[in-house]
Amino acid sequence: MAQIKNRLTPFFENITFDREDNEMILNFGPQHPSAHGQLRLMLHLQQEQITKAHPDVGYLHRGMEKMAENMIYNEFMPTTDRMDYIASSSNNYGFALAVEKLVGLDVPRRAQVIRMMLLEINRLMSHLFWLATTALDIGAMTVFLFAFREREYLMDIIEGYCGARLTHAAIRIGGVPLDIQDSFISQLRIFLDKLPQNIKDYEDLLDTNRIWLMRMEEVGTIPTEMALSWGCTGPMLRASGVKWDIRKEEPYELYDEVEFDVPWSDKGDNFARYRIYMEEMRESAKILYQTIDMYQKCVKDGQTELMAHSPKYISAPKLDIMTQNYSLMQHFVLVTQGMRPPVGEVYVATESPKGELGFYINSQGGPYPYRLKMRAPSFWHTGILTDLLPGHYIPDVVSIIGTTNIVFGEVDR
Amino acid sequence: MRAYTPKDDVQAKAYYTDRFYVSPQVPKQKPESDEVFNADLEAIKAKFEVTDAYIQVEQLVIYINANDIYGVLELMRDELEYTQLSEMSAIDWLAKGNKFEIFYQMLSMNKRKRIRVKYFIENGQAVDSVEKLFRSADWSEREMFDMFGIEANGHPFMKRILMPYDWQGFPLLKTYPLQGDEFAAWYEVDKIYGKEARDIIGPELRDTAKVDRYDSERFARLGHEVPKGTKITGNEPKNEQNYQEDDGVFMIKKFDKKDSVVIDDPQR
């Protein structure tokens, strides 16, 4: 049966294009290659200049918060992958950390080191992906191919670890499910040794490129007050003059043991954000080198535990389950009924590649969270377009959306 | 005595709970145990009524009155350096006391501290918008309205944000059905084809994993293909299609069913 076209009436049916003030409404997306997923922008234009921007989101809304309220805690873990699917381990980690704080679990050191490795690999993957897609949007095809090539190496390493390339589910509540494979460190070293040259290649292509500078410099400038007021975090905030990195300021895992710098800028424009992403890749590499040493020290000290020991909440190691009756019973109850965290609430923020990823969990002592709110950084980085775009021109829209680094799995959840 | 379960809560429930199980509590500390939090709390207490305050998992939680929210957040932003509203939303307590709990997650970057400001409102009551203080509340309050139906007074654009503008019902209420209701089943059919096409198309299939073996219109009969629209009786013979090119594909060995071994017993 054919669709009746005029049934698909737009919401702005009362607006006509030939008004006296010469205003035009441009509908950008949701199917636009540079809309980074499912962003719809309604842009009010005077000639080429934007006078009003109205971002419309929700095209990828899957109701994850509702799903969370009806799943046991471990069951929800793979769903978090689908938030920021460019760096899915960081979502897994944010959720796992929130539940661990709620329950009060101590994660073994070896698992912490592996988690940090995964998180930083995810950050590199996310930043490389950001660079590739943004450069492609602006027309730098070479950078896109280069950055995707490097990202592929990292995806192979991750695939060797957990079997998945995009939706990793590589972190469990209480630790990690597996030790890293034998080739992990050697492959990672090969990648890291080559990375500085790779980043330099990108920079050689972009830093003094006239087109790149014209599209980036003095475009999309976010003043500090605006960034704070709009709840910007991560590179968006650091580019606007606030040196705030949760890994540094409220350290979780072993981030207080590693040395790294927090790149920041007071320019606030697209170019500042681009520079911050590049510098953060270097810092991530620095952290990864240190975690390799930490991991090898764990191996030398004979620390083999990968999951927290807490029979009430976490299943025993497989060997115990298979040999000891009580461990098997615990495991059965935890799998069929789920863990029951204590009554209370927790909000835990972690520094995901995009910004502050927070999980608010309200537990009423049942196996399902009573309320779970996910604070996804991209949600506000999309919202800020309302105030950021007016005054800019149509081509700037693409570069601004690019540097905000929004991912719609996270915006719509 | 049997435990009381609210009737208008349709969410998943634990199927078994031990009769003698007592849930432990996440420990709470007094605000006095932290100097910075205590000073902030005193500053708020000097101007506004604080009904409860404690520290839980390194963060201060304070309960205030619903109509003080704008003043409290303004004080926190301008005098106590809580410059960012990280998050705000609601919790549904309708089944218990016909009320909502609203929380605002505040962050001070200078002090490296987080405070959660909370209050209760009755069902149907609106909250005061804090969008003038924090632009981030613009979208948060819209999301709260979208998910719970709680309106914010003084908000410039109180429209749905994630759900379609003309959606009915508020998905994060505990009374909202889990499987999609009558409205959801016809929403897209009505929207695209019109109400009069309901009989022809039928309600939207919300269970995406459902396979109907008597359906010859969709790809649900792999290995049992029949021409489109054939009436299915259920006794069709197995009709195995070969989906490979006859000429073969470079480097790919052609699959031949006769030469292959089918393992019926996965436990072999």
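This is a predicted model: local features need pLDDT of at least 70, side-chain atom pairs count only at pLDDT 80 or more; totals for chains, interfaces and linings use all residues.
Residues are numbered from 1 along each chain as its sequence is written, while chains are lettered from A and ligands numbered from 1 in the order in which they are written.

Helices (H or I, at least four residues) and strands (E, at least two) are DSSP runs, numbered from the N terminus. In chain A, three strands make up an open antiparallel sheet in the order E4-E5-E6, where two strands pair if DSSP finds at least two bridges between them. E4 and E6 of chain A are the edge strands, each pairing on one side only. On average, and with direction ignored, neighbouring strands of this sheet are turned by 10 degrees against each other. Five bridges join E5(A) and E6(A) in the antiparallel sense. Helix H3(A) lies across E4 and E5 of chain A and runs at about 150 degrees to E4(A); axes are lines fitted to C-alpha atoms, for helices over the stretch in contact, and angles run from 0 to 180 degrees between N-to-C directions.

Another open sheet of three strands in chain A has the order E1-E2-E3, with antiparallel pairing. Here the edge strands are E1 (23-28) and E3 of chain A, each of which pairs on one side only. From one strand to the next, the twist averages 20 degrees. Strand E2 (residues 40-46) of chain A pairs with E3(A) over seven bridges in the antiparallel sense. Within this pairing, A:Ile50 in E3(A) is the bridge partner of A:Leu45, and A:Gln49 in E3(A) stands opposite A:Gln46. The two strands E2(A) and E3(A) form a hairpin with two residues between them, and A:Gln47 in the turn has a positive phi of about 55 degrees.

Chain A is assigned domain 1 (5-56) and domain 2 (64-412), with bounds that come from an automatic or database domain assignment. Taken over C-alpha atoms, the centres of domain 1 and domain 2 of chain A are separated by 33 Å. Their contact takes 16 residues from domain 1 of chain A and 19 residues from domain 2 of chain A, two residues being in contact if their C-beta atoms, placed from the backbone, lie within 7 Å. On the domain 1 side, strand E3 (residues 49-56) of chain A gives the most, with seven residues. That side divides into seven nonpolar, seven polar and two charged residues; Ala, Val, Leu, Ile, Met, Phe, Trp, Tyr, Cys and Pro count as nonpolar, Asp, Glu, Lys and Arg as charged, and the others, Gly among them, as polar.

Turning to the helices, two packed helices are described by the angle between their axes and the distance between the axes. Helix H3 (residues 88-103) and helix H4 (residues 109-138) of chain A pack at an angle of about 135 degrees, with their axes 8 Å apart. This angle makes H3(A) oblique to H4(A), since angles under 35 degrees count as roughly parallel, over 145 as roughly antiparallel, 65 to 115 as roughly perpendicular and the rest as oblique. The contact brings A:Ser89, A:Ser90 and A:Tyr93 of H3(A) to A:Arg115, A:Leu118, A:Leu119 and A:Asn122 of H4(A). By class, these are three nonpolar, three polar and one charged residues.

The axes of H4(A) and helix H16 (residues 394-404) of chain A come within 9 Å and cross at roughly 180 degrees, which makes H4(A) roughly antiparallel to H16(A). The residues of this contact divide into two nonpolar, five polar and one charged. Helix H6 (residues 183-206) and helix H11 (residues 270-300) of chain A pack at about 160 degrees with axes 10 Å apart, so H6(A) is roughly antiparallel to H11(A). The contact of H6(A) with H11(A) has 11 nonpolar, no polar and three charged residues.

Finally, 48 residues of chain A are in contact with 40 residues of chain B. Elements that give two or more residues to the chain A side include H3, E4, E5 and E6 of chain A. That side divides into 19 nonpolar, 14 polar and 15 charged residues.
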